[in-house]
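Student: I have a model open on my screen and would like to learn how to read its packing. Could you walk me through it?

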Amino acid sequence: MIKKEDLEIKMQSFDLTMTPPAEEPQRQYYYIAKAKKLVQELETRLGRKPTFCVTTFGCQMNARDSEKLSGILEEIGYVDNGSDEKSDFVIYNTCTVRDNANQRVYGRLGALSNYKKKNPQMRIALCGCMMQEETVIAKLKKSYRFVDLIFGTHNIFKFAELVCDMLESEDMIVDIWESTDKIVEDLPIVRKYPFKSGINIMFGCNNFCSYCIVPYVRGRERSRSPEDIIREIEMLVADGVVEIMLLGQNVNSYGKNLDNPISFAQLLQKIEQIEGLERIRFMTSHPKDLSDELIEVMRDSKKICRHLHLPLQSGSTRILEQMNRRYTKEQYLELALKIRREIPDISLTTDIIVGFPGETDADVDDTIDVIRKVGYDNAFTFIYSKRTGTPAAAMENQVPEDVVKRNFNRVLETVQEVSKNRTVVYTGQEVEVLVEEINEHDDSLVTGRMSNNTMVHFKGDASLVGTLQRVYLEECHGFYYTGRSI
Ligand code: SAH
Ligand code: SF4
Ligand code: F3S
(Lines give C-alpha, C1' and ligand atoms only; values in the text may rest on other atoms or scores of the structure.)
(Ligands and ions follow the chains in the order given, each with its own letter.)
Protein backbone atom coordinates (compact mmCIF):
# COMPACT_ATOMS: atom_id res chain seq x y z
CA MET A 1 0.00 0.00 0.00
CA ILE A 2 1.15 3.55 -0.67
CA LYS A 3 -0.14 6.93 0.53
CA LYS A 4 -1.89 9.04 -2.12
CA GLU A 5 0.52 11.97 -1.67
CA ASP A 6 3.57 9.73 -2.09
CA LEU A 7 2.16 8.18 -5.25
CA GLU A 8 1.47 11.62 -6.76
CA ILE A 9 5.11 12.61 -6.17
CA LYS A 10 6.42 9.41 -7.76
CA MET A 11 4.23 9.81 -10.82
CA GLN A 12 5.15 13.42 -11.52
CA SER A 13 8.60 12.23 -12.52
CA PHE A 14 7.32 10.12 -15.44
CA ASP A 15 7.73 11.14 -19.04
CA LEU A 16 5.26 8.92 -20.89
CA THR A 17 7.25 9.08 -24.12
CA MET A 18 10.03 7.12 -22.38
CA THR A 19 10.03 3.32 -22.33
CA PRO A 20 8.45 2.01 -19.12
CA PRO A 21 10.85 1.03 -16.31
CA ALA A 22 11.47 -2.73 -15.95
CA GLU A 23 11.46 -2.93 -12.16
CA GLU A 24 8.37 -2.98 -9.90
CA PRO A 25 6.55 -1.11 -8.54
CA GLN A 26 8.06 1.75 -10.62
CA ARG A 27 6.76 0.13 -13.78
CA GLN A 28 3.23 0.20 -12.42
CA TYR A 29 3.57 3.87 -11.38
CA TYR A 30 4.41 4.58 -15.03
CA TYR A 31 1.30 2.69 -16.18
CA ILE A 32 -0.90 4.40 -13.60
CA ALA A 33 0.23 7.73 -15.07
CA LYS A 34 -0.41 6.45 -18.58
CA ALA A 35 -3.83 4.98 -17.68
CA LYS A 36 -4.80 8.32 -16.14
CA LYS A 37 -4.24 9.95 -19.53
CA LEU A 38 -6.23 7.28 -21.37
CA VAL A 39 -9.11 7.55 -18.90
CA GLN A 40 -9.11 11.34 -19.28
CA GLU A 41 -9.52 10.90 -23.03
CA LEU A 42 -12.37 8.45 -22.38
CA GLU A 43 -14.00 11.00 -20.05
CA THR A 44 -13.84 13.64 -22.78
CA ARG A 45 -15.45 11.26 -25.27
CA LEU A 46 -18.22 10.26 -22.84
CA GLY A 47 -18.78 13.78 -21.52
CA ARG A 48 -18.76 12.39 -17.95
CA LYS A 49 -16.52 10.44 -15.61
CA PRO A 50 -16.33 6.75 -16.59
CA THR A 51 -17.67 4.33 -13.95
CA PHE A 52 -16.60 0.91 -12.66
CA CYS A 53 -17.93 -1.93 -10.53
CA VAL A 54 -15.86 -4.69 -8.93
CA THR A 55 -17.80 -7.78 -7.82
CA THR A 56 -15.98 -10.14 -5.45
CA PHE A 57 -16.60 -13.87 -5.13
CA GLY A 58 -14.91 -16.09 -2.55
CA CYS A 59 -12.84 -15.41 0.51
CA GLN A 60 -11.36 -12.47 2.41
CA MET A 61 -8.23 -12.73 0.31
CA ASN A 62 -10.21 -12.01 -2.81
CA ALA A 63 -11.97 -9.17 -1.01
CA ARG A 64 -8.60 -7.63 -0.26
CA ASP A 65 -7.50 -8.11 -3.88
CA SER A 66 -10.64 -6.30 -4.99
CA GLU A 67 -9.64 -3.33 -2.83
CA LYS A 68 -6.35 -3.29 -4.75
CA LEU A 69 -8.23 -3.25 -8.07
CA SER A 70 -10.49 -0.43 -6.85
CA GLY A 71 -7.44 1.46 -5.58
CA ILE A 72 -5.93 1.49 -9.08
CA LEU A 73 -9.23 2.31 -10.80
CA GLU A 74 -9.99 5.28 -8.54
CA GLU A 75 -6.42 6.49 -8.91
CA ILE A 76 -6.64 6.52 -12.70
CA GLY A 77 -9.97 8.34 -12.76
CA TYR A 78 -12.83 5.83 -12.77
CA VAL A 79 -15.73 6.34 -10.34
CA ASP A 80 -17.22 3.42 -8.38
CA ASN A 81 -20.97 3.19 -9.03
CA GLY A 82 -21.67 -0.16 -7.37
CA SER A 83 -23.82 -1.58 -10.20
CA ASP A 84 -22.34 -3.86 -12.83
CA GLU A 85 -25.00 -3.43 -15.52
CA LYS A 86 -24.65 0.37 -15.46
CA SER A 87 -20.86 0.54 -15.41
CA ASP A 88 -18.42 1.36 -18.17
CA PHE A 89 -15.94 -1.14 -16.71
CA VAL A 90 -17.15 -4.33 -14.99
CA ILE A 91 -14.71 -6.58 -13.11
CA TYR A 92 -15.50 -9.98 -11.64
CA ASN A 93 -12.91 -11.19 -9.14
CA THR A 94 -13.69 -14.89 -9.16
CA CYS A 95 -13.44 -17.91 -6.84
CA THR A 96 -13.24 -21.57 -7.78
CA VAL A 97 -13.12 -23.34 -4.43
CA ARG A 98 -16.47 -25.03 -5.11
CA ASP A 99 -18.26 -25.46 -8.41
CA ASN A 100 -21.23 -23.26 -7.45
CA ALA A 101 -18.86 -20.28 -7.27
CA ASN A 102 -17.96 -20.90 -10.94
CA GLN A 103 -21.58 -21.33 -11.98
CA ARG A 104 -22.49 -17.97 -10.48
CA VAL A 105 -19.81 -16.26 -12.59
CA TYR A 106 -21.03 -17.87 -15.81
CA GLY A 107 -24.60 -16.88 -14.90
CA ARG A 108 -23.64 -13.25 -14.33
CA LEU A 109 -21.62 -13.20 -17.55
CA GLY A 110 -24.64 -14.39 -19.51
CA ALA A 111 -26.69 -11.46 -18.21
CA LEU A 112 -23.82 -9.06 -18.83
CA SER A 113 -23.52 -10.00 -22.50
CA ASN A 114 -27.00 -8.49 -23.04
CA TYR A 115 -26.05 -5.25 -21.33
CA LYS A 116 -22.94 -5.04 -23.45
CA LYS A 117 -24.99 -5.40 -26.63
CA LYS A 118 -26.94 -2.30 -25.61
CA ASN A 119 -23.85 -0.48 -24.43
CA PRO A 120 -20.96 -1.63 -26.67
CA GLN A 121 -18.33 0.58 -25.08
CA MET A 122 -18.73 -1.42 -21.82
CA ARG A 123 -15.49 -3.20 -20.87
CA ILE A 124 -15.48 -6.49 -18.96
CA ALA A 125 -12.57 -7.98 -17.03
CA LEU A 126 -12.31 -11.31 -15.22
CA CYS A 127 -9.63 -12.14 -12.68
CA GLY A 128 -9.06 -14.24 -9.57
CA CYS A 129 -8.74 -17.92 -8.81
CA MET A 130 -11.05 -19.31 -11.49
CA MET A 131 -8.86 -17.75 -14.18
CA GLN A 132 -5.91 -19.92 -13.12
CA GLU A 133 -7.70 -22.97 -14.54
CA GLU A 134 -6.91 -23.88 -18.14
CA THR A 135 -10.37 -25.34 -18.78
CA VAL A 136 -11.98 -22.07 -17.73
CA ILE A 137 -9.78 -20.01 -20.05
CA ALA A 138 -10.53 -22.36 -22.96
CA LYS A 139 -14.28 -22.00 -22.32
CA LEU A 140 -14.10 -18.20 -22.09
CA LYS A 141 -12.03 -17.94 -25.27
CA LYS A 142 -14.52 -20.09 -27.11
CA SER A 143 -17.92 -18.95 -25.85
CA TYR A 144 -17.42 -15.61 -24.07
CA ARG A 145 -15.65 -13.53 -26.71
CA PHE A 146 -17.21 -10.32 -25.39
CA VAL A 147 -14.90 -10.38 -22.36
CA ASP A 148 -12.13 -7.79 -22.85
CA LEU A 149 -9.51 -8.65 -20.24
CA ILE A 150 -8.60 -11.84 -18.37
CA PHE A 151 -5.82 -12.10 -15.80
CA GLY A 152 -4.99 -14.32 -12.85
CA THR A 153 -3.98 -14.25 -9.21
CA HIS A 154 -0.21 -13.95 -9.72
CA ASN A 155 -0.15 -10.81 -11.86
CA ILE A 156 -2.88 -8.72 -10.23
CA PHE A 157 -0.17 -6.20 -9.28
CA LYS A 158 0.11 -5.21 -12.99
CA PHE A 159 -3.57 -4.27 -13.27
CA ALA A 160 -2.72 -0.68 -14.31
CA GLU A 161 -0.58 -2.01 -17.16
CA LEU A 162 -3.33 -4.41 -18.24
CA VAL A 163 -5.94 -1.64 -18.19
CA CYS A 164 -3.70 0.41 -20.52
CA ASP A 165 -3.44 -2.55 -22.90
CA MET A 166 -7.20 -3.04 -22.76
CA LEU A 167 -8.02 0.60 -23.43
CA GLU A 168 -5.72 0.60 -26.45
CA SER A 169 -6.94 -2.66 -27.96
CA GLU A 170 -10.16 -4.12 -29.35
CA ASP A 171 -9.06 -7.75 -28.84
CA MET A 172 -9.57 -10.02 -25.86
CA ILE A 173 -6.43 -9.76 -23.70
CA VAL A 174 -5.46 -12.88 -21.75
CA ASP A 175 -2.51 -12.73 -19.36
CA ILE A 176 -2.21 -15.66 -16.94
CA TRP A 177 0.97 -16.57 -15.06
CA GLU A 178 1.50 -20.12 -13.91
CA SER A 179 3.26 -19.05 -10.72
CA THR A 180 5.29 -16.29 -9.14
CA ASP A 181 7.81 -15.79 -6.36
CA LYS A 182 7.24 -12.04 -6.43
CA ILE A 183 5.39 -9.88 -3.93
CA VAL A 184 5.00 -6.32 -5.25
CA GLU A 185 4.52 -3.78 -2.46
CA ASP A 186 3.49 -0.11 -2.39
CA LEU A 187 0.53 0.05 -4.76
CA PRO A 188 -2.62 2.08 -4.08
CA ILE A 189 -5.53 0.41 -2.22
CA VAL A 190 -8.96 1.74 -1.25
CA ARG A 191 -10.78 0.28 1.72
CA LYS A 192 -14.39 -0.76 1.85
CA TYR A 193 -14.61 0.25 5.53
CA PRO A 194 -12.73 3.28 6.91
CA PHE A 195 -12.24 1.69 10.36
CA LYS A 196 -11.26 -1.92 9.57
CA SER A 197 -9.07 -3.61 7.01
CA GLY A 198 -7.74 -6.96 5.87
CA ILE A 199 -3.98 -7.30 5.45
CA ASN A 200 -2.24 -10.04 3.54
CA ILE A 201 0.55 -11.54 5.58
CA MET A 202 1.16 -14.40 3.17
CA PHE A 203 0.04 -15.65 -0.22
CA GLY A 204 -0.50 -19.17 -1.56
CA CYS A 205 -0.65 -22.52 0.19
CA ASN A 206 1.66 -25.54 0.48
CA ASN A 207 -0.72 -27.96 2.15
CA PHE A 208 -2.40 -29.68 -0.77
CA CYS A 209 -5.43 -30.98 1.09
CA SER A 210 -6.60 -33.58 -1.40
CA TYR A 211 -10.00 -31.93 -2.14
CA CYS A 212 -8.71 -28.38 -2.47
CA ILE A 213 -7.88 -26.37 -5.56
CA VAL A 214 -6.41 -23.34 -3.75
CA PRO A 215 -2.73 -24.45 -3.92
CA TYR A 216 -3.09 -24.86 -7.70
CA VAL A 217 -4.65 -21.45 -8.30
CA ARG A 218 -2.84 -19.41 -5.65
CA GLY A 219 0.61 -20.99 -5.92
CA ARG A 220 3.21 -21.78 -3.27
CA GLU A 221 3.33 -20.14 0.12
CA ARG A 222 5.08 -16.75 0.25
CA SER A 223 5.25 -14.61 3.40
CA ARG A 224 5.52 -10.84 3.37
CA SER A 225 8.29 -9.40 5.50
CA PRO A 226 7.26 -8.34 9.02
CA GLU A 227 8.60 -4.85 8.26
CA ASP A 228 6.26 -4.43 5.27
CA ILE A 229 3.31 -5.74 7.29
CA ILE A 230 3.97 -3.45 10.26
CA ARG A 231 4.50 -0.46 7.98
CA GLU A 232 1.18 -1.12 6.25
CA ILE A 233 -0.68 -1.48 9.55
CA GLU A 234 0.87 1.73 10.88
CA MET A 235 -0.28 3.57 7.77
CA LEU A 236 -3.78 2.12 8.14
CA VAL A 237 -3.98 3.10 11.82
CA ALA A 238 -2.84 6.63 10.96
CA ASP A 239 -5.72 6.64 8.47
CA GLY A 240 -8.36 5.69 11.06
CA VAL A 241 -8.28 1.87 11.11
CA VAL A 242 -8.87 0.32 14.56
CA GLU A 243 -9.37 -3.35 13.62
CA ILE A 244 -7.27 -5.47 11.29
CA MET A 245 -7.70 -8.99 9.95
CA LEU A 246 -4.43 -10.73 9.07
CA LEU A 247 -5.00 -12.90 6.02
CA GLY A 248 -3.40 -16.14 4.86
CA GLN A 249 -4.51 -19.66 3.90
CA ASN A 250 -2.53 -20.99 6.84
CA VAL A 251 -1.34 -18.14 9.04
CA ASN A 252 0.25 -20.61 11.47
CA SER A 253 3.02 -21.32 9.01
CA TYR A 254 3.72 -17.61 8.47
CA GLY A 255 7.37 -16.60 8.30
CA LYS A 256 8.92 -20.06 8.13
CA ASN A 257 10.49 -19.44 4.73
CA LEU A 258 11.66 -15.86 5.22
CA ASP A 259 15.41 -15.14 5.16
CA ASN A 260 15.05 -14.23 8.83
CA PRO A 261 12.42 -16.72 9.98
CA ILE A 262 9.82 -15.50 12.47
CA SER A 263 6.78 -17.27 13.89
CA PHE A 264 3.19 -16.10 13.53
CA ALA A 265 3.01 -15.67 17.31
CA GLN A 266 6.06 -13.40 17.19
CA LEU A 267 4.52 -11.36 14.39
CA LEU A 268 1.36 -10.93 16.50
CA GLN A 269 3.44 -9.67 19.41
CA LYS A 270 5.03 -7.04 17.20
CA ILE A 271 1.65 -5.96 15.84
CA GLU A 272 0.24 -5.74 19.37
CA GLN A 273 2.74 -2.90 20.04
CA ILE A 274 1.24 -0.64 17.38
CA GLU A 275 -0.34 2.27 19.20
CA GLY A 276 -3.88 3.19 18.21
CA LEU A 277 -4.65 -0.30 16.91
CA GLU A 278 -7.47 -1.76 19.01
CA ARG A 279 -8.32 -5.19 17.61
CA ILE A 280 -6.43 -7.92 15.79
CA ARG A 281 -8.12 -10.79 13.98
CA PHE A 282 -6.65 -13.44 11.70
CA MET A 283 -7.75 -16.13 9.26
CA THR A 284 -7.18 -19.06 8.70
CA SER A 285 -5.43 -21.38 11.16
CA HIS A 286 -4.52 -24.90 10.11
CA PRO A 287 -4.82 -27.14 13.19
CA LYS A 288 -1.64 -29.07 12.36
CA ASP A 289 0.51 -25.92 12.74
CA LEU A 290 -1.16 -24.23 15.70
CA SER A 291 1.52 -23.82 18.37
CA ASP A 292 1.36 -23.54 22.15
CA GLU A 293 3.24 -20.28 21.68
CA LEU A 294 0.27 -18.91 19.71
CA ILE A 295 -2.23 -20.00 22.38
CA GLU A 296 -0.14 -18.22 25.04
CA VAL A 297 0.20 -15.06 22.98
CA MET A 298 -3.55 -15.02 22.32
CA ARG A 299 -4.34 -15.64 25.97
CA ASP A 300 -2.10 -12.81 27.19
CA SER A 301 -3.01 -10.30 24.47
CA LYS A 302 -5.26 -7.28 25.02
CA LYS A 303 -5.87 -6.75 21.31
CA ILE A 304 -6.20 -10.20 19.72
CA CYS A 305 -9.90 -10.95 19.41
CA ARG A 306 -11.48 -13.83 21.28
CA HIS A 307 -12.18 -15.75 18.10
CA LEU A 308 -10.38 -18.60 16.40
CA HIS A 309 -11.45 -20.17 13.13
CA LEU A 310 -10.06 -23.70 13.22
CA PRO A 311 -11.22 -25.73 10.20
CA LEU A 312 -12.01 -29.32 11.10
CA GLN A 313 -13.16 -30.55 7.63
CA SER A 314 -13.98 -34.00 9.05
CA GLY A 315 -14.06 -35.65 12.46
CA SER A 316 -13.10 -39.05 11.09
CA THR A 317 -9.41 -39.91 11.31
CA ARG A 318 -9.73 -42.16 8.28
CA ILE A 319 -11.22 -39.37 6.15
CA LEU A 320 -8.77 -36.81 7.53
CA GLU A 321 -5.96 -39.03 6.32
CA GLN A 322 -7.53 -39.28 2.86
CA MET A 323 -7.92 -35.51 2.91
CA ASN A 324 -4.20 -35.11 3.70
CA ARG A 325 -5.02 -32.89 6.68
CA ARG A 326 -2.22 -34.37 8.80
CA TYR A 327 -4.05 -34.56 12.15
CA THR A 328 -6.32 -37.17 13.75
CA LYS A 329 -9.70 -36.75 15.41
CA GLU A 330 -8.01 -37.11 18.80
CA GLN A 331 -5.27 -34.56 18.03
CA TYR A 332 -7.84 -32.03 16.88
CA LEU A 333 -10.01 -32.55 19.96
CA GLU A 334 -7.03 -32.25 22.27
CA LEU A 335 -6.01 -28.99 20.60
CA ALA A 336 -9.51 -27.48 20.64
CA LEU A 337 -10.08 -28.40 24.27
CA LYS A 338 -6.66 -27.02 25.25
CA ILE A 339 -7.61 -23.71 23.61
CA ARG A 340 -10.97 -23.67 25.42
CA ARG A 341 -9.16 -24.36 28.71
CA GLU A 342 -6.53 -21.65 28.25
CA ILE A 343 -8.89 -19.01 26.82
CA PRO A 344 -12.35 -19.81 28.22
CA ASP A 345 -14.14 -16.84 26.60
CA ILE A 346 -12.90 -17.70 23.09
CA SER A 347 -15.30 -18.37 20.27
CA LEU A 348 -14.33 -21.37 18.15
CA THR A 349 -15.65 -21.63 14.61
CA THR A 350 -14.91 -24.15 11.89
CA ASP A 351 -15.36 -25.40 8.32
CA ILE A 352 -16.77 -28.86 7.62
CA ILE A 353 -16.99 -30.77 4.35
CA VAL A 354 -19.69 -33.43 3.96
CA GLY A 355 -19.53 -36.02 1.18
CA PHE A 356 -15.79 -36.44 0.66
CA PRO A 357 -15.14 -39.59 -1.42
CA GLY A 358 -15.58 -42.76 0.63
CA GLU A 359 -17.29 -41.01 3.55
CA THR A 360 -19.70 -43.32 5.40
CA ASP A 361 -22.45 -42.59 7.91
CA ALA A 362 -20.05 -43.72 10.63
CA ASP A 363 -17.50 -41.09 9.48
CA VAL A 364 -20.18 -38.42 9.70
CA ASP A 365 -21.02 -39.67 13.22
CA ASP A 366 -17.40 -38.89 14.10
CA THR A 367 -17.77 -35.38 12.69
CA ILE A 368 -20.94 -34.88 14.74
CA ASP A 369 -19.14 -36.19 17.82
CA VAL A 370 -16.41 -33.55 17.40
CA ILE A 371 -19.00 -30.78 16.87
CA ARG A 372 -20.63 -31.72 20.17
CA LYS A 373 -17.38 -32.14 22.10
CA VAL A 374 -15.86 -28.85 20.91
CA GLY A 375 -19.17 -26.96 21.06
CA TYR A 376 -18.51 -24.67 18.12
CA ASP A 377 -19.87 -21.13 18.26
CA ASN A 378 -20.49 -21.39 14.54
CA ALA A 379 -19.58 -23.69 11.65
CA PHE A 380 -19.64 -23.38 7.87
CA THR A 381 -20.77 -26.64 6.37
CA PHE A 382 -20.02 -27.39 2.73
CA ILE A 383 -21.05 -30.17 0.41
CA TYR A 384 -17.93 -31.71 -1.14
CA SER A 385 -17.36 -30.32 -4.63
CA LYS A 386 -15.18 -32.22 -7.08
CA ARG A 387 -12.35 -29.98 -8.33
CA THR A 388 -10.59 -31.03 -11.52
CA GLY A 389 -6.90 -31.72 -11.00
CA THR A 390 -7.08 -32.42 -7.26
CA PRO A 391 -6.27 -35.94 -5.98
CA ALA A 392 -9.77 -36.39 -4.50
CA ALA A 393 -11.39 -35.81 -7.90
CA ALA A 394 -9.72 -39.01 -9.12
CA MET A 395 -10.92 -41.10 -6.17
CA GLU A 396 -13.37 -43.76 -7.22
CA ASN A 397 -15.77 -43.94 -4.33
CA GLN A 398 -17.64 -40.64 -4.78
CA VAL A 399 -20.65 -40.53 -2.43
CA PRO A 400 -24.18 -40.58 -3.95
CA GLU A 401 -26.05 -37.27 -3.77
CA ASP A 402 -28.92 -38.50 -1.56
CA VAL A 403 -26.49 -39.84 1.04
CA VAL A 404 -24.58 -36.56 1.04
CA LYS A 405 -27.79 -34.53 1.45
CA ARG A 406 -28.97 -36.65 4.35
CA ASN A 407 -25.63 -36.40 6.14
CA PHE A 408 -25.32 -32.70 5.36
CA ASN A 409 -28.65 -32.09 7.11
CA ARG A 410 -27.58 -34.14 10.11
CA VAL A 411 -24.42 -32.07 10.45
CA LEU A 412 -26.23 -28.78 9.93
CA GLU A 413 -28.84 -29.57 12.59
CA THR A 414 -26.13 -30.44 15.09
CA VAL A 415 -24.21 -27.24 14.34
CA GLN A 416 -27.34 -25.13 14.80
CA GLU A 417 -28.28 -26.78 18.06
CA VAL A 418 -24.77 -26.54 19.51
CA SER A 419 -24.03 -22.98 18.43
CA LYS A 420 -27.35 -21.66 19.73
CA ASN A 421 -26.48 -22.97 23.17
CA ARG A 422 -23.06 -21.33 23.03
CA THR A 423 -24.09 -17.87 21.86
CA VAL A 424 -26.74 -17.46 24.56
CA VAL A 425 -24.27 -17.61 27.47
CA TYR A 426 -23.36 -13.92 27.18
CA THR A 427 -26.88 -12.66 27.99
CA GLY A 428 -26.73 -10.05 30.76
CA GLN A 429 -23.02 -9.32 30.29
CA GLU A 430 -21.35 -6.02 29.43
CA VAL A 431 -19.13 -6.27 26.37
CA GLU A 432 -17.16 -4.07 24.01
CA VAL A 433 -18.63 -3.72 20.51
CA LEU A 434 -17.00 -2.22 17.43
CA VAL A 435 -19.84 -0.42 15.64
CA GLU A 436 -19.74 -1.25 11.93
CA GLU A 437 -22.87 0.26 10.38
CA ILE A 438 -26.38 1.61 10.72
CA ASN A 439 -28.76 -1.35 11.01
CA GLU A 440 -30.07 -2.39 7.60
CA HIS A 441 -33.69 -2.81 8.72
CA ASP A 442 -34.07 -0.15 11.41
CA ASP A 443 -32.07 3.07 11.16
CA SER A 444 -32.51 3.90 14.84
CA LEU A 445 -30.16 0.98 15.55
CA VAL A 446 -26.48 0.38 14.88
CA THR A 447 -24.83 -2.99 14.27
CA GLY A 448 -21.46 -4.04 15.57
CA ARG A 449 -19.38 -7.00 16.58
CA MET A 450 -18.13 -8.33 19.89
CA SER A 451 -14.52 -9.41 20.18
CA ASN A 452 -15.71 -13.00 19.64
CA ASN A 453 -17.31 -11.89 16.34
CA THR A 454 -20.96 -12.13 17.52
CA MET A 455 -23.20 -9.41 16.06
CA VAL A 456 -24.97 -6.96 18.36
CA HIS A 457 -27.71 -4.45 17.50
CA PHE A 458 -28.42 -1.47 19.79
CA LYS A 459 -29.78 2.11 19.73
CA GLY A 460 -27.35 4.57 18.18
CA ASP A 461 -26.56 6.78 15.22
CA ALA A 462 -24.00 7.21 12.45
CA SER A 463 -21.58 9.06 14.76
CA LEU A 464 -20.85 5.72 16.48
CA VAL A 465 -19.69 3.90 13.33
CA GLY A 466 -16.04 2.90 13.69
CA THR A 467 -15.98 3.39 17.48
CA LEU A 468 -15.79 0.89 20.33
CA GLN A 469 -18.80 1.04 22.66
CA ARG A 470 -19.66 -0.69 25.94
CA VAL A 471 -22.92 -2.53 25.47
CA TYR A 472 -25.18 -4.46 27.86
CA LEU A 473 -26.43 -7.63 26.13
CA GLU A 474 -30.17 -7.83 26.75
CA GLU A 475 -31.41 -10.66 24.57
CA CYS A 476 -29.92 -13.41 22.41
CA HIS A 477 -31.71 -14.14 19.12
CA GLY A 478 -29.87 -17.25 17.93
CA PHE A 479 -26.81 -15.85 16.15
CA TYR A 480 -27.01 -12.24 17.34
CA TYR A 481 -27.84 -10.06 20.33
CA THR A 482 -29.85 -6.95 20.99
CA GLY A 483 -28.55 -4.71 23.74
CA ARG A 484 -28.19 -1.16 25.02
CA SER A 485 -25.33 1.25 25.23
CA ILE A 486 -23.91 1.92 28.73
N1 SAH B 1 -7.04 -22.40 3.93
C2 SAH B 1 -8.24 -22.56 4.59
C3 SAH B 1 -9.43 -22.85 3.72
C4 SAH B 1 -9.67 -22.13 2.46
S5 SAH B 1 -11.02 -22.71 1.52
C6 SAH B 1 -8.09 -23.73 5.53
O7 SAH B 1 -7.41 -24.68 5.26
O8 SAH B 1 -8.74 -23.68 6.52
C9 SAH B 1 -12.36 -22.53 2.65
C10 SAH B 1 -13.11 -23.77 2.95
O11 SAH B 1 -13.69 -24.27 1.78
C12 SAH B 1 -12.28 -24.94 3.45
O13 SAH B 1 -12.00 -24.85 4.82
C14 SAH B 1 -13.13 -26.12 3.13
O15 SAH B 1 -14.00 -26.45 4.17
C16 SAH B 1 -13.94 -25.65 1.93
N17 SAH B 1 -13.53 -26.35 0.71
C18 SAH B 1 -12.34 -26.32 0.10
N19 SAH B 1 -12.34 -27.13 -0.99
C20 SAH B 1 -13.58 -27.67 -1.05
C21 SAH B 1 -14.21 -28.60 -1.93
N22 SAH B 1 -13.56 -29.14 -2.96
N23 SAH B 1 -15.50 -28.93 -1.69
C24 SAH B 1 -16.18 -28.40 -0.65
N25 SAH B 1 -15.63 -27.54 0.21
C26 SAH B 1 -14.34 -27.17 0.03
FE1 SF4 C 1 -6.94 -25.64 0.74
FE2 SF4 C 1 -5.88 -27.07 2.67
FE3 SF4 C 1 -4.53 -25.00 1.69
FE4 SF4 C 1 -6.71 -24.60 3.17
S5 SF4 C 1 -4.79 -25.54 3.87
S6 SF4 C 1 -6.19 -23.60 1.25
S7 SF4 C 1 -8.00 -26.31 2.60
S8 SF4 C 1 -5.04 -26.87 0.61
FE1 F3S D 1 -11.95 -18.93 -3.58
FE2 F3S D 1 -9.55 -18.32 -4.29
FE3 F3S D 1 -10.38 -17.68 -1.88
S4 F3S D 1 -10.59 -20.18 -4.80
S5 F3S D 1 -11.86 -19.25 -1.43
S6 F3S D 1 -11.17 -16.89 -3.77
S7 F3S D 1 -8.34 -18.30 -2.46
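Tutor: Gladly! Two packed helices are described by the angle between their axes and the distance between the axes. Here helix α8 (residues 226-238) packs with helix α9 (residues 264-272) at an angle of about 30°, their axes 10 Å apart. Axes are lines fitted to C-alpha atoms, for helices over the stretch in contact, with angles from 0 to 180 degrees between N-to-C directions. Helices (H or I, at least four residues) and strands (E, at least two) are DSSP runs, numbered from the N terminus.

Student: Which residues make the contact?

Tutor: Pro226, Ile229, Ile230 and Ile233 of α8 meet Leu267, Lys270 and Ile271 of α9, where contact means heavy atoms within 4.5 Å.

Tutor: This is a predicted model, in which local features need pLDDT of at least 70 and side-chain atom pairs count only at pLDDT 80 or more, while totals for chains, interfaces and linings use all residues. Residues are numbered from 1 along each chain as its sequence is written, chains are lettered from A and ligands numbered from 1 in the order in which they are written, and side-chain values use heavy atoms, leaving out hydrogens and water.

Student: And how do I read the sheet?

Tutor: Strands of a sheet pair through backbone hydrogen bonds, either parallel or antiparallel. In this model, 6 strands form an open, parallel sheet ordered β2-β1-β3-β4-β5-β6; two strands pair if DSSP finds at least two bridges between them. At the edges are β2 (79-80) and β6 (173-175), each pairing on one side only.

Student: Which residue stands opposite Leu149 in β5?

Tutor: Ala125 does.
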